[in-house]
Amino acid sequence: MAFIELTDVSLSYDTKGSSEPEIEQFNLTVEQGEFAVLLGPSGCGKSSILNLIAGFIRPTSGTVSVDDEQVREPSPQRGMVFQSVDAPLFHWLTTKQNIGFGLRTSQAEKEVLVEKYIRMVHLTGSEHKYPSELSGGMKQRVQLARIWAMDPAVLLMDEPFANLDAITKEIMQQELQDLWLQTKKTIVYVTHSIEEAVVLGQKVLIMTAGPRAHVKTEARIALDYPRDPVSVDVIRYVRALREDINEEVRKVPRR
Amino acid sequence: MPSESRKRVERMTEKEERSNMVRSQKLKATAGLLRRMWRNNRYLGTIMSIIILLGVWKLVAMSMPLFVPSALPTLRSMYELAAEGQLVEFTLVTLYRILVGWAIGVALGIPVGWLIAQSDLFKRIVDPYINFFRFIPPIIWVTVFLIWFGYNDLTRCALVAYATFMICVIHGTVGMITIPQEKTRAALNLGVKGWELFRRVKIPASLPEVFTGMRVAMTNSFMTIIAVEMLTASSGIGYLAWTSRLYFRLDYVFVSIITLGLAGLLTDSAFRMISKKYFRRFGVAID
């Protein structure tokens, strides 16, 4: 059995069932230590898939399981990094307090752990700053460190760098690759950027436009890490995937 | 035209131009000075508005002297009342009633508001009463409270507390239900749930709205206490304003209004200062 398994998952926010389900017959498997990227047009339900795996919402039908256990509620084992830069942080706490928020160890151990993760995401010097004093990129680093410190089995990342400027975004992508290479955590990453998907993912799953969204194709990116976003190989993959995704984007009704 | 007179005309225009230039330079300098003063002195606006107010007051008082006492005699009456010690005493008594009643109302109202947001059971049981009593002003309770608590400050404070309570309940609830979903989800994701979530995330995250509620309730307390003191008290600013009418001392009524306004201004400044100093990191932004 795969590490993460979604089997015949349907999700409908409308409980009366009068409108079409957002997700239907969704199947997904991710192996332990794999970096999987969900790619799809805006509003296709990518974030809902992450919310299902995180346990924030329950499927209307079908099963979601992680490590052979059915997902019933949120757990530190399935850590989420949100797209929103400000909302997920506790703005009345410093960087250090935010990162140590969920740790249940002794004070001394906590100090050591928090220090370690602050160093890991390059936030040294900003330990005692409040989120309002940090830049967007730094806030996302706090989120990343905070969830990484819980040592989750799975990292769920919902377009975490979408609200950052292009330069910061590229740096963060490089750093994420390094972190993943060091720790080999299972990551499910959601994005609507083909470049980002190709740079980060071992496996890219292209979703159809909603409603009734499901996985349309699955592509393996057979390139070595760390990947350079402007290398010829990456661009070749981007071109290959573009047709697939554009077809789905065209289906999204223009509002 | 003979050249002599043309020259004279030219000379004159030249002179005029020069004096025009000097005048415009002077004007510019004055404007610059005024602009600098406006920029550098934060009280200039207040001073100007006071001068304008006194001017308008004077004009109105001159046009209908029977209905509006003029500014200077009013200020003199204010000084008289202050010198006798009555004004200070009444102000302190009124402020005391406001603060005690307000504090009780906040201490009860905010937690009830939070509980409504937190527990569906509590909400369903309590909400109908909140929405019923919300429309009943404190004044209508005066007789009832007088019988229950007696002719004393307990009654007066209780009425202020009642008015404060209703406002605080609503702001407490709104503060909690408007917390972004990502914040609570992030906490759940870190293994923090139930009462721990309530204590460590929901309460601090709701504080900006709570402070807004406290401030609105403070304004409301000032209004409530005056009405209460007019009806049932033998001290306080409301009492002063109400008894003065018997002797047609309109100037004393104006003194009451000015004193109350100043007391409100001071209380609000103190409240703002404390919020800014100790609660800024919670996102409490008052201004």
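The dialogue below turns to one residue, then to the cores and the chain contact.

Mentor: This is a predicted model, in which local features need pLDDT of at least 70 and side-chain atom pairs count only at pLDDT 80 or more, while totals for chains, interfaces and linings use all residues. Residues are numbered from 1 along each chain as its sequence is written, and chains are lettered from A and ligands numbered from 1 in the order in which they are written.

Trainee: Is Ile118(A) buried or exposed, and why?

Mentor: A residue is buried if 20 or more other C-beta atoms, placed from the backbone, lie within 10 Å of its own, exposed if 12 or fewer, and partly exposed in between. Ile118(A) has 22 such neighbours and therefore counts as buried.

Trainee: How many residues has the largest nonpolar core?

Mentor: Nonpolar side chains tend to be buried together in soluble globular proteins. A nonpolar core is a set of buried Ala, Val, Leu, Ile, Met, Phe, Trp, Tyr and Cys residues joined through C-beta atoms within 7 Å. The largest here has 76 residues, and Ala145(A) is one of those with the most contacts inside it. A second, separate core of 43 residues includes Trp102(B) and Phe165(B).

Trainee: How many residues does each chain bring to the contact?

Mentor: Chain A gives 18 residues and chain B gives 15 residues. On the side of chain A, 14 are nonpolar, 4 polar and none charged (Ala, Val, Leu, Ile, Met, Phe, Trp, Tyr, Cys and Pro count as nonpolar, Asp, Glu, Lys and Arg as charged, and the others, Gly among them, as polar).

Definitions and conventions. Two residues are in contact if their C-beta atoms, placed from the backbone, lie within 7 Å.
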